[in-house]
Amino acid sequence: MRIATLTNPEEIVITETEKPVAKDNEVVIKVDYIGICGSDIHAYYGKHPFINCPITLGHEFTGKVVETGQKVRNVLPGEMVTAMPQIFCGECEPCESGRYNICNTLKVIGCQTPGAACDYFAFDSSLVKKIPEGMPNDIAATIEPAAVGVHAVHRGTDVQGKNVVVMGAGTIGNLTAQAALANGARQVLITDLSDYRLRKAVECGILKTANTGKISMEKAIDEAFQGELADIFFECVGIGTTVNQAIELSKKGHDIVIVGVYGMRPEVNMSLVQDKELRLIGSLMYVEKDYDETIDLMSRGIINTKPLISKTFELADYAKAFRYIEEHKDSSLKILIQVSGD
């Protein structure tokens with residue numbers, strides 16, 4: 001079978017290897033689609049703080065179960081599935097409290113262990129999730145990033161009835177905004193420097209948008225919320241400028257949830273964090289309840305990822321996909337790699 005390896009920054013090599021065999025608790029999945037996310041892009045350019053080469057990427061994926069181990073009872077051959085790509089110990093303090101997404105020895109497939117950028121992938125069946133009947137396979141490949149947004153919304157104060165600002169209208173920002181609306185936010189403003197991404201946000205049902213290259217963040221908030229301030233910020237860009245904007249504009253005593261991946265260590269106005277008694281809250285991945293909620297919301301059309309799929313490449317053109325993203329930064333939201341060709 002084929003397997004794609006990021007051997008060095010900006011260098012993907014596709015080689016042949018043996019098809020995996022399912023261990024007792026594993027399933028072998030014939031991979032259909034994998035998604036490229038911001039973490040993959042950081043890794044591709046050698047700028048992700050926790051991903052090193054060589055690595056087989058691919059933590060967002062969907063495919064068909066073709067083999068099950070002797071102890072597997074939750075899925076059957078022929079079923080379409082996705083999976084939560086987290087490998088955790090189950091014994092440390094975070095795991096014992098149900099927060100295995102921050103396990104002390106957490107490994108993420110496609111990040112610290114080989115991912116699904118291959119024809120067949122063996123994985124622990126306990127982390128596999130069936131795809132609802134009728135959900136297209138390419139849409140199912142976006143469940144994982146949508147779960148990141150759902151988890152982020154649950155990390156801060158309950159958004160129900162609140163004015164929410166999402167900074168960054170990329171895939172994760174868009175999905176965080178959709179998750180906030182799905183969880184009862186009164187109003188959601190999403191901001192970006194790209195009119196294209198903001199139009200996509202509107203297409204996904206996020207109606208309050210602002211290009212903060214053309215209007216100040218302060219004025220955008222004032223206009224969107226009719227003179228009221230924001231109750232909670234979600235920083236989905238991953239740069240110091242936006243997190244400091246959130247700190248400056250936040251109400252005293254409120255939350256700023258950090259969702260973006262920071263390629264460089266930012267300078268943060270901690271004096272103002274202290275003076276306003278703000279909470280800066282990190283958000284990493286998700287836990288099972290977030291994943292289940294995401295699948296439910298997507299199956300009912302409440303979270304819509306279809307407008308975010310910008311282009312699909314074949315596995316043989318994996319490296320071309322990253323170059324395409326670099327050349328079309330504004331218009332590349334979710335790029336998929338079709339592996340199976342079925």
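Me: Are F61 and F121 buried or exposed?
Reply: This is a predicted model, so the answer is computed from predicted coordinates. The cut-off for buried is under 20% relative accessible area. By that test, both F61 and F121 are buried.

Me: How many aromatic pairs does a search of the whole structure find, and what is the geometry of F61 and F121?
Reply: The search of the whole structure returns 8 aromatic pairs. For F61 and F121, the ring centres are 5.6 Å apart and the planes meet at 75°. Planes over 60 degrees apart count as edge-to-face. The F61 and F121 pair is therefore edge-to-face.

Me: Which strands does the pair of F61 and F121 link?
Reply: The two residues are 60 residues apart and belong to distant parts of the chain. F61 is in strand β4, and F121 is in strand β8. The strands are β4 and β8.

Me: Which residues do ring pairs link into a cluster?
Reply: Here the link runs through ring pairs. The cluster consists of Y44, Y45, Y318 and F322.

Me: Where is I36, and is it buried or exposed?
Reply: I36 is placed in strand β3, residues 26-36. Its relative accessibility is 3%, so I36 counts as buried.

Me: What separates the C-alpha atoms of I36 and A321?
Reply: Along the chain, I36 and A321 are 285 residues apart. A321 is also among the contacts of I36 beyond four places in sequence, including Y318, F322 and K334. The separation of the C-alpha atoms is 8.6 Å.

Me: How many salt bridges does a search of the whole structure find, and what is the distance between the closest N and O atoms of E60 and K334?
Reply: The search of the whole structure gives 14 salt bridges. One of them joins E60 to K334. This pair links distant parts of the chain, from strand β4 to strand β17, 274 residues apart. The closest N and O atoms are at 2.9 Å.

Me: What are the relative accessible areas of E60 and K334?
Reply: E60 is buried, with a value of 1%. K334 is buried too, and its value is 2%.

Me: Which residue forms a salt bridge with K129, and at what N to O distance?
Reply: The closest N and O atoms of this pair are 2.7 Å apart. K129 lies in strand β9 and its partner in helix α10, so the pair ties together parts that are 163 residues apart in sequence. K129 counts as buried at 13% relative accessibility. The partner is D292.

Me: Which residues are linked with K129 in a network of salt bridges?
Reply: D292 counts as partly exposed at 35% relative accessibility. The network joins K129 with E288 and D292.

Me: What is the distance between the closest N and O atoms of E79 and K130?
Reply: E79 and K130 form a salt bridge. It links the loop between β4 and β5 to strand β9, 51 residues apart. Both ends count as partly exposed, E79 at 23% and K130 at 44%. The distance is 3.5 Å.

Me: What is the phi of Q226, and what is the phi of E277?
Reply: Most residues other than glycine have a negative phi. Q226 is in the loop between α7 and β13, and E277 is in the loop between α9 and β15. Q226 is exposed at 53%, and E277 counts as exposed at 64%. Phi of Q226 is near 50°, and phi of E277 is near 50°.

Me: Which ring faces does K311 lie over?
Reply: K311 is 5.6 Å from the ring centre of F313. K311 is 5.5 Å from the ring centre of Y324. The faces are those of F313 and Y324.

How values were computed: Residues numbered from 1 in each chain as written. Predicted model: local features only at pLDDT ≥ 70, side-chain atom pairs only at ≥ 80, totals over all residues. Heavy atoms only, no water. Helix = DSSP H or I, 4+ residues; strand = E, 2+ residues; numbered from the N terminus. Buried < 20%, exposed > 50% of the residue type's maximum accessible area, 1.4 Å probe, protein only. Contact = heavy atoms within 4.5 Å. Salt bridge = Lys/Arg side-chain N within 4 Å of Asp/Glu carboxyl O. Phe/Tyr/Trp six-rings, centres within 6.5 Å; stacked < 30°, edge-to-face > 60°. Lys NZ or Arg CZ within 6 Å of the ring centre and 35° of its normal.
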